[in-house]
Amino acid sequence: MSTTESPLTASDPTTGRAAQETLEDYTLRFAPRSYRRWSPAVVATTALGGIAYLADFSIGAGIGLAHGTGNALIAIAVAAVVIFITGFPLAYYGARYNIDLDLITRGSGFGYYGSVLTSVIFASFTFIFFALEGSIMAQGLELGLGLPLWLGYLVSTLMVIPLVIYGMKALSKLQVWTTPVWLVLMVAPLVYLVAHDPGTVDRFLSYAGTDGDGGVNTASVLLGAGVCLSLIAQIGEQIDYLRFMPPKTPENRRGWWTAVVMAGPGWVVLGALKQAIGVFLAVYILAEVGPDAAPEPIQQFRSAFDAMLPSWVVVPLAVVLVVISQIKINVTNAYSGSLAWTNSFTRVTRHYPGRLVFVLVNLGFALALMEADMFSFLNDILGFYSNCAIAWVVTVATDIGVNKYVLKLSPLRPEFRRGMLHAVNPVGVVAFVAASGLSIALYFHALGDSLQPYSPVAAAVIAFVLTPLMAIVTRGRYYLRRPDDGIGEALLDPDGNPSALTLDCHVCHEPYERPDLAACRTHDAVVCSLCLSTDKVGDHVLPARPSDA
């Protein structure tokens, strides 16, 4: 099972062919122990390799140029704290139970079909940031090779397809081998500039911004934090790797926790540092290239390399940095986006077309954004999107942290299988819709100009308050459709990890591990989660327990 997976269902004979296209992503299902052979360190390195993107430099630069260094640094710090706190419970559940964020969301307040809404939100995150990184790469190709931007957009899109098809094995090798080169190219120019021209630090700290007077004010901080918080959904991409963590045991406990914290919520530490560096580099090159080009990472690193290297190597090296960074993050964006689209499509249509189809769909959306020059109105897109992302992540994090562990109204062990969950759970859906809807209204000045900067705060606070309130009102009745899956063997091993017991699926006749299976409704047998998802008439889906429904 560690090398092939053929989830063919009797009701959908095309599924086997589609599954053969992607042998290593375990789309829609629990990641089995037999496949998770990487050490915690390798998984963490692979996950952190995906955040090598250069968008942070642009985001930080945009905030700093508009609001000044002081406001930008505080905004970056505020957003980082929120992202870390909300990301921790999500990363833990993904690594502990070996499921992605969509599967976590299903059992954490949204229900089997309710989480389709958040899957689309996450898929949107992946193609928005793919387009952003593709735009940055196209800028590098234009500077280094003279390619027109439209062609650079196409090249940056097509080149990731061969890399993303084969899932975790190919991605882990790519991220591990390219990370040291990327770190050296990113850090070396910054260290050189600070060491050889200390005045750059003073100019950076005193920069007032085009919209400010140099002072710190709440509106500027919140507007900047709102843009940074658009990255809150990045935890979903981290979990797409963390779900391949090995079981947590007394022997590997320390390394396991270190990997989960660093590669889970800890990604934001490096992200915040890159945003601050983006402000620094934008201020450094502002007089040379002007405010329009200063947020472009290719211009930032071209100027930084120019200060420390011979002129003939400057542009090629800057282009190498941009290309490596773009490939490292956009294989992750394409991979995670394809998983999200596949999850949504399969649940709604009960047909599994294979992940490759949605790799192309996601890349098509990203290419359209690039050709529409999304880079020129970046902050507007991210500011709007952050309201939806904050509402979703805070809702799920609150359900885990408060509803599960404090109120004990939500089951501690996450559930994702069809038949075990209600179609829609009002706890998460109501909290998410209310939080995102009101915060978007604030963002578009519906309640006045003075409240507009507070839209991200509104999204977080409303989601945090409504999620436990809805659980109390509904008394937790809509989390589980039935309390057991009809299989006598334990779901977890003595260490609390998902059981490695293997049973054969009655429908596709393939072996799967215990957490991926449920009893069949019509036969004395078990059925895997994907066959349950593609069961068009519900022959195999367990009935609700009337006393528990």
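This is a predicted model: local features need pLDDT of at least 70, side-chain atom pairs count only at pLDDT 80 or more; totals for chains, interfaces and linings use all residues.

Modeller: Residues are numbered from 1 along each chain as its sequence is written, and side-chain values use heavy atoms, with hydrogens and water left out.

Colleague: Is Arg 417 buried or exposed?

Modeller: Arg 417 sits in the loop between helix H18 (378-404) and H19, helices being DSSP runs of H or I with at least four residues, numbered from the N terminus. Buried means under 20% relative accessible area, exposed over 50%, and partly exposed in between (1.4 Å probe, protein chains only). Arg 417 has 2%, so it counts as buried.

Colleague: Which side chain makes a polar contact with the side chain of Arg 417?

Modeller: A polar contact is a pair of N or O atoms within 3.5 Å; within protein, one must be able to donate a hydrogen and the other to accept it, and residues adjacent in sequence count only if both atoms are side-chain atoms. The Arg 417 side chain also reaches a backbone oxygen, that of Leu 517, at 2.5 Å. Its side-chain partner, at 2.6 Å, is Asp 485.

Colleague: How many of the 39 residues of H16 are buried?

Modeller: H16 covers residues 311-349, and Arg 350, with a positive phi near 60°, follows it. The helix is largely enclosed by the rest of the structure, because its buried residues number 30 of the 39.

Notes. Helices (H or I, at least four residues) and strands (E, at least two) are DSSP runs, numbered from the N terminus. The expected span of a helix is 1.5 Å times one less than its number of residues.
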